[in-house]
Amino acid sequence: RDVAAENLSATRLTVAANVVLAAINVAGLSEQARLVRGQIETQRQALEITQRLRRLGAASEADESAQQLQLASLEANLPTLERQLAQQGHLLRALLGRYPADPLDASFSLAELRPPAELPTAVPARLVETRPDVRAAEASLRSANALVGVARANRLPTFSITASGVGQASSTLSQLFQSSNRFWSLTGGLTQPLFDGGTLAARERAAWAQRDAAAALYRQTV
């Protein structure tokens with residue numbers, strides 16, 4: 001149960017991080033597309049000026065061709081940015097549980113995004129310990145240790161005590177059915193597995209192997 005809870009927490013954290021990353025990408029691509037559109041408009045105006053200058057004899061055909069080449073390059077970059085922006089928008093909607101055609105509730109711009117006021121220069125160990133994936137690996141290790149204890153206990157003798165009410169005893173009939181006159185019988189039993197074909201020993205070895213694997217996974221995760 002602990003492992004499932006930590007895995008759920010890790011999934012939620014991953015989704016939240018992907019939502020933030022997608023929003024930042026949408027804001028960045030939107031800003032890039034806006035700047036490219038502005039550059040295209042400026043380049044068109046520059047091309048018109050160059051064409052007028054050429055008609056007046058103040059610019060050459062090479063100057064006009066250079067302006068046209070720069071405009072074509074900017075116009076060729078814009079569809080790529082718009083396609084990337086649409087992909088990030090679809091990803092953001094999917095992470096939010098929306099359909100691709102659904103509108104977003106808010107717009108994102110780089111000017112509106114603010115980083116934390118203070119950023120740590122190093123990752124403290126306490127922060128690492130609170131990571132859901134580390135906590136899930138730790139829960140798996142605890143579960144594997146518990147299974148080792150269960151496997152070892154199954155190989156040990158089992159002692160059981162049972163109590164049962166036998167009857168009533170009294171020197172007078174009027175006091176026969178009082179609770180203080182009831183007597184009990186206690187029985188005990190001891191069981192020990194003798195011939196199991198090595199099954200219990202094999203199960204204990206398997207539990208130790210699972211414990212070692214969980215420990216290795218925990219070290220790898222940390």
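Author: Start with one term: a contact means heavy atoms within 4.5 Å. By that rule, Gln-43 touches Gln-67, Gln-70, Leu-71 and Leu-74, leaving aside residues up to four places away in sequence. The model is predicted, so local features need pLDDT of at least 70 and side-chain atom pairs count only at pLDDT 80 or more, while totals for chains, interfaces and linings use all residues. Residues are numbered from 1 along each chain as its sequence is written, and side-chain values use heavy atoms, with hydrogens and water left out.

Reader: Why does Gln-43 count as buried?

Author: Buried means under 20% relative accessible area, exposed means over 50%, and partly exposed lies in between (1.4 Å probe, protein chains only). Gln-43 has 11% relative accessibility, so Gln-43 counts as buried.

Reader: How far apart are the C-alpha atoms of Gln-43 and Leu-71?

Author: They are separated by 5.8 Å, although the two residues are 28 apart along the chain.

Reader: What makes a stretch of chain a helix or a strand here?

Author: Both are DSSP runs, numbered from the N terminus: helices are H or I with at least four residues, strands are E with at least two. The protein chain has five helices and two strands. Along the sequence, their pattern is α-α-α-α-β-β-α. Gln-43 sits in helix 1, which covers residues 2-55.

Reader: What does the length of helix 1 show when set against its expected span?

Author: The expected span is 1.5 Å times one less than the number of residues. Helix 1 has 54 residues, for which 80 Å is expected. From first C-alpha to last, helix 1 reaches 79 Å, close to that value. Next comes Gly-57, with a positive phi near 85°.

Reader: How do you know the relative direction of helix 1 and helix 2?

Author: Axes are lines fitted to C-alpha atoms, for helices over the stretch in contact, and angles between N-to-C directions run from 0 to 180 degrees. Under 35 degrees is roughly parallel, over 145 roughly antiparallel, 65 to 115 roughly perpendicular, and the rest oblique. Helix 1 and helix 2 (residues 61-95) pack at about 160°, with axes 8 Å apart. Therefore helix 1 and helix 2 are roughly antiparallel.

Reader: Is the crossing of helix 1 and helix 2 left-handed or right-handed?

Author: Left-handed. The term means that the near helix is turned anticlockwise from the far one by less than a right angle; clockwise is right-handed.

Reader: Which residues of helix 2 are buried?

Author: Among them are Leu-71, Leu-74, Leu-78 and Leu-81. The buried residues of helix 2 pack against helix 1. An α-helix has 3.6 residues a turn, so residues three or four places apart point the same way.

Reader: What is the relative direction of helix 1 and helix 4?

Author: Helix 1 and helix 4 (residues 132-153) pack at about 170°, with axes 8 Å apart. Therefore they are roughly antiparallel. Residues that meet there include Val-3 and Leu-13 in helix 1, and Pro-132 and Ala-136 in helix 4.

Reader: How do helix 4 and helix 5 pack?

Author: Their angle is about 165°, and their axes are 8 Å apart. That makes helix 4 roughly antiparallel to helix 5. The contact includes Val-134 and Leu-141 of helix 4, and Trp-208 and Tyr-218 of helix 5. The crossing of helix 4 and helix 5 is left-handed.

Reader: Is Leu-217 buried, partly exposed or exposed?

Author: Leu-217 lies in helix 5 (residues 199-221). Its relative accessible area is 42%, so Leu-217 is partly exposed. Buried residues of helix 5 include Leu-200, Ala-207 and Ala-214. The buried residues of helix 5 pack against helix 4.

Reader: What share of the protein chain counts as buried?

Author: Of its 222 residues, 19% count as buried.
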